[in-house]
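User: Hello! I am new to this one and would like to understand the words used for it. Could you take me through them?

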Amino acid sequence: MSDVEVTFARDRKGRSLFELDDDEEDRVGGLHFMTGEEDRDRVSFRSSDPAGELRAFVNETDLESESVYLLERSVGACYEVRLTGVYRESDGVDADFCRALRPADVACSRDDEDALAVAIRLPFDGEDFNSFGSRWGSDCDRPGTAIAREGGDDG
Amino acid sequence: MTDRPRRVRSRRSVLAACGAGMAALAGCSAVGIRPGDDEGPEYDAGRLAAIGREGAPSRPDAFPVTVTGEMTERHSERARELLDAVPERPEVPNGVVTRRLRDHREEVAEALDESGTEDDDPQAGTHADEEPGLERLSEARHHRADAAELLGAYRGATSELDPDRVAERRETLRSDRRSFESGRDYRGGEPGVALVVHAELEGYSDRARRSAEAWPPVPDDPATEPFKVGEIVRGLEAGRAALSDARRLRDRYLDGIDDPQPFRSAITVTAHRLDRRASFRWRGLHEYLDAGPDDLPFDRSLDGTPAIHLFARAKRTVDSADRAAEEAMQAGNQANAVLAGARRIAGLRALESVIDAIEEGKYDSPDDADRVAAARADAVDAIETARGTSPVALSDELAFPAHDALRLGVRRLEEARNGRHDVNRAFASLAYARLYAGAVPEALATAIRYLDPNADAA
């Protein structure tokens, strides 16, 4: 799919950017698919600038006709994540990502882990979908394949 | 007219009988017969490994031009210059980039120190003398390229690298290479020797051509992809080093010849004549070369025998020489096209010998380890005989596939773990080494006859 909108958000302290109402503890990681208001209400965003951008992106989505694929995971502070593909399957959505080194002049420690969230706005409601996944490549070695990448540096 | 009028298929039904279930010698560790392998000989694994350990004689340094210490030292000096331009503990804001740069710097420094120690140590110096000159030269270029990659990555990471400067250096290399090519008419003394020297030079020139290409471009902001920048700078440095070696080797070669003659036309004509000759022979063997693995035109099943591996190896060698010749022709590397063409001729002749032997019922599993030892000894003798054909520089180049098969054969014996299957494959490699080596003198004579107009006229 190419007609998708994407936003990335990064927490440099490694704290989760959002949590679901049934999360028992504050931990980084998770995949949530939103097809209606009920799904949106289950998500609480942290009060920080990057989480605020993520919340705004979700709130601007018309969940009557669109849906949101929301994913979070830990990523090394010196790496950035790129989205290389979004695939609509018969019963769900898959997304492919790869990891690339951030520019040499970006200050980061090789031991630090950030929390990274990505929200993908999809042009369909996906109400009947029940299968969601992500694949991760360790190296973005094929130039020009990314359909979206982290633009800014976060908060 | 049939495709192969010279071949009359033999129908020998008497195959080499295998002594079923030969007992392993007491006290020796025998290779186990795998489940299902209930027929065929059993082998003493210790004896086979001992045969393997006898190894393959090392290739003599047959290249006609001596590589001097000064030639390798020139690369080492340049490598040190490049290394010294990077701080001992490079540091950039990105911690992962910093770590990679530091690790790489340590590796380059260690490799250079080690190569320097080898040069200084009398014992190591002896060893270095045994290593063929072209390999020492290639190693020195490799260290130089490594150091350039490090410096390129460092300058990229610190935004000190100017992409326009890289583009200029590429253009300079293109121009230097054009000048090298335009002044080269494949001059030399003895035609077979000139052929080998110029084939080597073609390889270096090709390396320089690839390095000088404008692709991939340097990123506009080198700090975003410093290691990609490093690879680009490495390629450029490797191309410059290769071109400078090509010049020096050519000059050294010509310095030793009284009245060098141009061989460009003779080499080009020879490449085409060998191509025609090989294609003719290929057509005569097409039913074997075109056959799939399940469709071999033999009257007996080769399953579970060395013969099937022997045939596969012979076919692969022909296929590989076919490709090499085609690529060399397309690239305009006529000296390499001649070498590949001569290897095609030798490979096709060896394939004929393989087919004849298989049709005569040969190359079932060897009866015992003594038979394997004899196969190794025969291969060594055949390769020595092939390499004894003058000019040695050329016979050594043409005999390479035999040497390769011998090395593979002895390694398989050393590592044999899987019973009869491993022994069959090793035996096939050794047999192929002998058969291919036996085909070298004829291929060499054909190439020399085409190369030397006087010999051709006679």
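Analyst: Gladly! A:Cys98 has a relative accessible area of 7%, so this residue is called buried (under 20% relative accessible area is buried, over 50% exposed, in between partly exposed, with a 1.4 Å probe and protein chains only). This is a predicted model, where local features need pLDDT of at least 70 and side-chain atom pairs count only at pLDDT 80 or more, while totals for chains, interfaces and linings use all residues. Residues are numbered from 1 along each chain as its sequence is written, chains are lettered from A and ligands numbered from 1 in the order in which they are written, and side-chain values use heavy atoms, leaving out hydrogens and water.

User: Why does A:Cys140 count as buried?

Analyst: Its relative accessibility is 17%, so A:Cys140 falls under the 20% limit.

User: How do you know that a disulfide joins A:Cys98 to A:Cys140?

Analyst: A disulfide is a pair of cysteine sulfur atoms within 2.5 Å. Here the S to S distance is 2.0 Å, so the pair qualifies.

User: What makes the disulfide of A:Cys78 and A:Cys108 right-handed?

Analyst: The torsion about their S-S bond is about 120 degrees, so this disulfide is right-handed. The sulfur atoms of A:Cys78 and A:Cys108 are 2.2 Å apart, and both residues are buried.

User: How many disulfides are there over all chains?

Analyst: A search of the whole structure finds two.
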